[in-house]
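Subject: Structure handover

Hello,

Here is the structure you will be working with. Please open it first, then read the notes below it.

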Amino acid sequence: MNELITIRDMCKIYNPGENEVRALDHVSLTINRREFVAIIGQSGSGKSTLMNMLGCLDVPTSGTYILDGKDVSTLTDDEQSDIRNKEIGFVFQGFNLIANLTALENVELPLIYRGVGARERRELAERALEIVGLGNRSSHRPAEMSGGQQQRVAIARAIAQAPPIILADEPTGNLDSGSTKEIMGILKRLHEEGRTVILITHDNEIAASAKRIIRIRDGQIVEDRMNENV
Amino acid sequence: MLEQKAIIMLLEGIRDTLYMTLVSTLIGYVIGLPMGIVLNLTRPDGLKPNRIIYRILDFICNIIRSVPFLILLILLIPFTRAVVGQSYGSSATIVPLVICAAPYIARVVEASLNEVDAGVIEAAKAMGASNIQIIFRVLLVEAKTSLMAGATITTGILLGYSAMSGTVGGGGLGDIAVRYGYYRWQTDIMIVTVVLLIVIFQIIQNLGSKITAFFDHRKK
């Protein structure tokens, strides 16, 4: 089975009633293993809601979400949290690293949540840092690194436990153009190595590095095309 | 110069003052730290919002903190007597000191935890951390230096309060200052106790700031 993510007829309605907001309006979407997808939309388009759904951070009002063969649209909080830990590596706009911990300790965190033993944890974290080219920075703290380097640590944290999906929410939103190139290069490489990368952005230029571009507006998918230029 | 008897008395005063201050800070944290954590968790935008628990703790903190320490000291005399067996002396003073300190510490801890970047907590949640893991692996780690700064301030305040308890026979340097300075007009001894209190305060504050700075990695 090549389908990794299948969303069928998904709706998310906030404030049901008179002033309801249809953040997602009957969205159906399939993402295959090893795809590199950009979801693009302006703020208020519903892309953040879609990201929360894809990331198992929220449950839909109606519709189904099959992730890796499992129906995850009806799970409890704890079950969702488990799925997130195993299946999805998150990368955020604001890096969200812990300032008091070193790069290595930050990368180890999701492994700690999962209960991986200290030695294995350390090895996995070191390997993840090497993948993003920061093997020599493992004892540095976030404040001692540039924004681009911090985001690379955050990517290492996302891939440390080898989740099949990497979900990146505006990963270059806080970065200068040089660091942006660097981060996009790493995401591309992670995709080439066999990971499924989902990129959420409002920026056409960033989205252009993905192989498939999905545009969302007013809670609906208005465009879904392969990117010929990649 | 001071006679030997006075020097011994002052040394005992220092010992009693340190005993009251440090023990009440310690016990205060045993009660106040969990209280502060619960306040942070149950607040409306906390990890586990719970209006009832938050309101109750919030109310307790506000009530106790709005009673001036000297009044609390007198108000608690029957309670202190029941717990320690007497209402005067250093050990007895620890009871009202703890009761005064715990809600204060809870507030300081709550404020430190509230300061932790919401994004970092969001990230931990996204990565599948449980609430317990978020408390111990994220909140307390990220608020570490702020908590240490809070503990330093708290210790300094309790030093002052322990001296205040001298007015009702609390023991320690405050007691000596009141007895000699106020009742006997022996200004020299009072001045020495004041200087000693200042020195102790400086040591606590500087030590606290140094430890905090050592563990602070937020800035370069």
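A helix axis here is a line fitted to C-alpha atoms over the stretch in contact, and angles run from 0 to 180 degrees between N-to-C directions. Helices (H or I, at least four residues) and strands (E, at least two) are DSSP runs, numbered from the N terminus.

This is a predicted model, where local features need pLDDT of at least 70 and side-chain atom pairs count only at pLDDT 80 or more, while totals for chains, interfaces and linings use all residues. Residues are numbered from 1 along each chain as its sequence is written, chains are lettered from A and ligands numbered from 1 in the order in which they are written, and side-chain values use heavy atoms, with hydrogens and water left out.

Helix packing. In chain B, the axes of helix 1 and helix 5 (residues 90-114) come within 6 Å and cross at roughly 40°. That makes helix 1 of chain B oblique to helix 5 of chain B (under 35 degrees is roughly parallel, over 145 roughly antiparallel, 65 to 115 roughly perpendicular, the rest oblique). The crossing of these two helices of chain B is right-handed, meaning that the near helix is turned clockwise from the far one by less than a right angle.

Pockets. A pocket is an open set of points on a 1 Å grid over the protein atoms alone, where a 1.4 Å probe fits, with protein on both sides within 12 Å along at least five of seven lines; lining residues have an atom within 4 Å of a point. Grid points are joined across faces, edges and corners, and a volume is the space filled by probe spheres set on the points.

The largest pocket holds about 590 Å³ of space. It is lined by 19 residues, and A:Leu57, A:Asp77, A:Arg84, B:Lys125 and B:Asn131 are the closest to its centre. Helix 2 of chain A gives the most to this lining, with five residues.

The second largest pocket holds about 290 Å³. Its lining has 14 residues, with B:Leu147, B:Met148, B:Ala151, B:Thr152 and B:Ile211 nearest the centre. Helix 1 (4-42), helix 8 (144-164) and helix 10 (187-215) of chain B each give two or more residues to that lining. Helix 8 of chain B has the largest share, six residues.

Chain A. Its secondary structure comes to seven helices and 10 strands. The C-alpha trace of chain A spans about 55 × 40 × 35 Å along its principal axes.

Regards
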